[in-house]
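Student: I would like to know how the terms used for a structure follow from its numbers. Can we work through some of them?

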Amino acid sequence: MLRVLIVDDSVFIRTILSDILSEDPGIEVVGKASNGKEGLDKIKELHPDIVTLDIEMPEMDGLQMLRHLKYIKERPRVVILSTLTSDDAEYTKTALRLGADDFMLKPRNIGKIKDIGTEFSTKLKQLVSIPIRPENAPKNVRTDPASNIVLIGSSAGGPPMLDAVLSRLDADLNAAVVITQHMPEGFTAALAQRLDKISPLPVKETETGDILYSGHVYLSRGGYHTLITRNVSSSGKEEARIVHSKSAPVHAVRPAVDLTFTSGARVFGPRTVSVLLSGMGSDGGEGALSIKNAGGKNLVVRESDCLVYGMARSALQRNCVDRVLPLNRIPTEIKRSLEEMNSRHV
């Protein structure tokens, strides 16, 4: 049973979160606190496995509480609950630097917070099962331009699935990985920071001009489309690079998975593997078709593992999917697909 402490100054939020989590038979809400000071006292008294933490609170806010929490011997995992404001995007990045383990975005309309219930419960349960890499643990930082690419598309319900995939990728993966997760501008930097903590591969938010190196993960920056182009370097070597675009949203989103997938297929052709995770809408279907037409391979996660099955279904409806798999088999299948491609293109 997962023991959870809720720390939030809003009685409404504390009550609704408690109701949401109590519906899950694997979770027990062991306590509630209205500010960081009270939260620290209850951690010492109740020994929860996880704390859900608000940032802005009276007396002691969430950031102050995190600074004190590092002195507690049996420290619980911490999930920050953040509103969709630019200030909170910065607070969230700071909270991750101070030791928070993950974050969850609250809906703009707080009355709709029940809509995040399933994803929230999943995130908490998954958090204790994924090992956090020791701070400053060395990573194999390669500098050879990628000859293969793995493209991942994700939306609603996707962040916990990204945790599951990224934490289990091969540390010697012979490909660059580009992830497009629908998320508001300002929060993708925090997500990249979070994924870098759990992945054996270095993870960063994209910037225009990034060279795609093997064994590196690039998370599309919120508010921009991430396009992949092929350039020739000053030394005459071909290399793929990231280009950001502020062109109109596609499927009402920016970044759009379709644009990243399609541009990646043009550059890497049959050396492309794509994965579609949970997500609403049809973004990703056209991109997956482009990859198939270029000789690449498309994987989608099975419906029972997804919160929403719109994006994966849009690819299935175009008859361009090679395999439908449980989430826990995706990392292994990525590795196997890359080995198969390399053997074909030696």
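Student: Why are helix 1 and helix 5 called roughly perpendicular?

Tutor: This is a predicted model. In it, the axes of helix 1 (residues 11-22) and helix 5 (residues 117-127) cross at roughly 70° and come within 9 Å. Angles of 65 to 115 degrees count as roughly perpendicular, and therefore helix 1 and helix 5 get that name.

Student: Which residues make the contact between helix 1 and helix 5?

Tutor: Helix 1 contributes L17, I20 and L21, while helix 5 contributes G117, F120, S121 and L124. Contact here means heavy atoms within 4.5 Å.

Student: How do the residues of that contact divide into nonpolar, polar and charged?

Tutor: Five are nonpolar, two are polar and none is charged. Gly counts as polar by the definition used.

Student: What makes strand 2 and strand 5 edge strands?

Tutor: The open sheet has five strands in the order 2-1-3-4-5, with parallel pairing. Strand 2 (27-33) and strand 5 (102-105) each pair on one side only. From one strand to the next, the twist averages 25°.

Student: How do you know that strand 1 and strand 3 pair?

Tutor: Pairing takes at least two bridges. Strand 1 (residues 2-7) and strand 3 (residues 50-53) have four bridges, in the parallel sense, so they pair by that definition. L5 stands opposite V51 in strand 3.

Student: Which strands does helix 3 touch?

Tutor: Helix 3 (residues 62-69) packs on the sheet and touches strand 1, strand 3 and strand 4 (77-82). The direction of helix 3 makes about 155° with that of strand 3.

Definitions and conventions. Residues numbered from 1 in each chain as written. Predicted model: local features only at pLDDT ≥ 70, side-chain atom pairs only at ≥ 80, totals over all residues. Heavy atoms only, no water. Axes fitted to C-alpha atoms, helices over the stretch in contact; angles between N-to-C directions. Helix = DSSP H or I, 4+ residues; strand = E, 2+ residues; numbered from the N terminus. Parallel < 35°, antiparallel > 145°, perpendicular 65-115°, else oblique.
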